[in-house]
Amino acid sequence: MQLQQLAYFLAVADTRHFTRAAEAVHVAQPSLSKQIRALEHELGAALFSRARGNIALTPAGETLLPLARRILADVDTARLEVQELAMLRSGRVRLGATPSLLTGLLPDVLRAYRAQYPGIRLLIEESGSRDLVHDLAEGELDLALIILPVSSTGPALATTPLLREELVVASSAAAPPPTTRDRMRVTDLEDEPLVMFRRGYDLREFTMTACQNAGFEPTFAIEGGEMDAVLGFVAAGLGLAVVPSMVVGNRFRITPFAGPGLSRTIGLAHRKDVQPPRAARALRAVLLDYLDEAARAGTLPPGTRPVRRTGAAARATLEAEPRTEG
């Protein structure tokens, strides 16, 4: 099996057309078709059904597809790692993060990283934890800041818990307070219209579970948004939302939950079977140093506190043989 054959296979799988696939990989169509047939012969199974000109993946093709993507992504990462110049003067880091972390934590971290390594390209993917875990498994990201614990059917992930993040109730500053008390109970949300995130969003699942555990199903005033949209709807007085405290500003009324409160764990993850590129390891070190310094100075993002391990200890764990947590 050759890497070129896998690249041709992916091109056909993506375009569902042999001629367009050949154009995409800059080879003649007969050459591409010949390599696909050779790959099918070696694997002992047809990868595409070609009935009446319609190209579709066979069960064997469906099985090969995620594996081929992962193999080629890993090869690309290895190539970039080898090509990096001394002292990290070039390279790239593919970092994923949830929306709240992109706005509440990463700007200062990335500024510090760019100051040390101005030649490194930063490619940022903003998504929910489930999507980021999938992208890590597919080899499309080097590192990701996600919500722990992780449940994944793909390759095992090495995860390091970093921060504990408090969740609060955000409401319009122009609307009446959602409670007469200083703090809300989850049961207080039962009769309140909620602005809810889209399906698959971590905070949606978290809020739904908290309400169900309290014995009720929440009522949605509006649903389907990302973080910016949800905050905009809340500011407009359409309902309440359960959000990380680090993303809310002065335009909202913030009501914390009564003890023990609602919180979640932020962690850093990468694939256990693939060592992140050197540039990614450098970003990891900058992140841990930033969290150490911010914790000592009391300047961590609002509503967050460090998990009980120092940056040095976390760094030692990361540099050793990775172990999965969660």
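Me: What does buried mean here, and how many of the 326 residues in the chain count as buried?

Reply: Buried means under 20% relative accessible area, exposed over 50%, and partly exposed in between, with a 1.4 Å probe and protein chains only. In this chain, buried residues make up 48% of the 326. This is a predicted model: local features need pLDDT of at least 70, side-chain atom pairs count only at pLDDT 80 or more, and totals for chains, interfaces and linings use all residues. Residues are numbered from 1 along each chain as its sequence is written, and side-chain values use heavy atoms, with hydrogens and water left out.

Me: How many helices and strands are in the chain?

Reply: Helices (H or I, at least four residues) and strands (E, at least two) are DSSP runs, numbered from the N terminus. The chain has 11 helices and 12 strands. Its C-alpha atoms fill a box of roughly 75 × 50 × 30 Å along the principal axes.

Me: Is threonine 98 buried or exposed, and what does threonine 98 touch?

Reply: Threonine 98 counts as buried because its relative accessibility is 3%. It sits in the loop between strand S3 (92–97) and helix H5 (99–104). Contact means heavy atoms within 4.5 Å. Not counting residues up to four places away in sequence, threonine 98 touches Ser127, Ser129, Leu132, Leu145 and Asp202.

Me: Which residues have the most contacts inside the largest nonpolar core?

Reply: A nonpolar core is a set of buried Ala, Val, Leu, Ile, Met, Phe, Trp, Tyr and Cys residues joined through side-chain atoms within 4.5 Å. The largest has 61 residues, and Tyr113, Leu145, Leu189 and Val243 have the most contacts inside it. Helix H10 (residues 278–297) gives the most to this core, with 10 residues. A second, separate core of 20 residues includes Phe9, Ala13, Leu32 and Ile55.

Me: What is leucine 189 in contact with?

Reply: Leaving aside neighbours within four places in sequence, the partners of leucine 189 include Val169, Met184, Phe216 and Phe257.

Me: How many cavities does the structure hold?

Reply: Rolling a probe the size of a water molecule over the atoms shows where empty space is left. On a 1 Å grid over the protein atoms alone, a cavity is a set of points where a 1.4 Å probe fits but cannot get out; lining residues have an atom within 4 Å of a point. Grid points are joined across faces, edges and corners, and a volume is the space filled by probe spheres set on the points. The structure holds 5 cavities of 30 Å³ or more. Of its 13 lining residues, Arg94, Leu141, Asp142, Arg271 and Val274 are the closest to its centre.

Methods
On a 1 Å grid over the protein atoms alone, a cavity is a set of points where a 1.4 Å probe fits but cannot get out, and a pocket is an open set with protein on both sides within 12 Å along at least five of seven lines; lining residues have an atom within 4 Å of a point.
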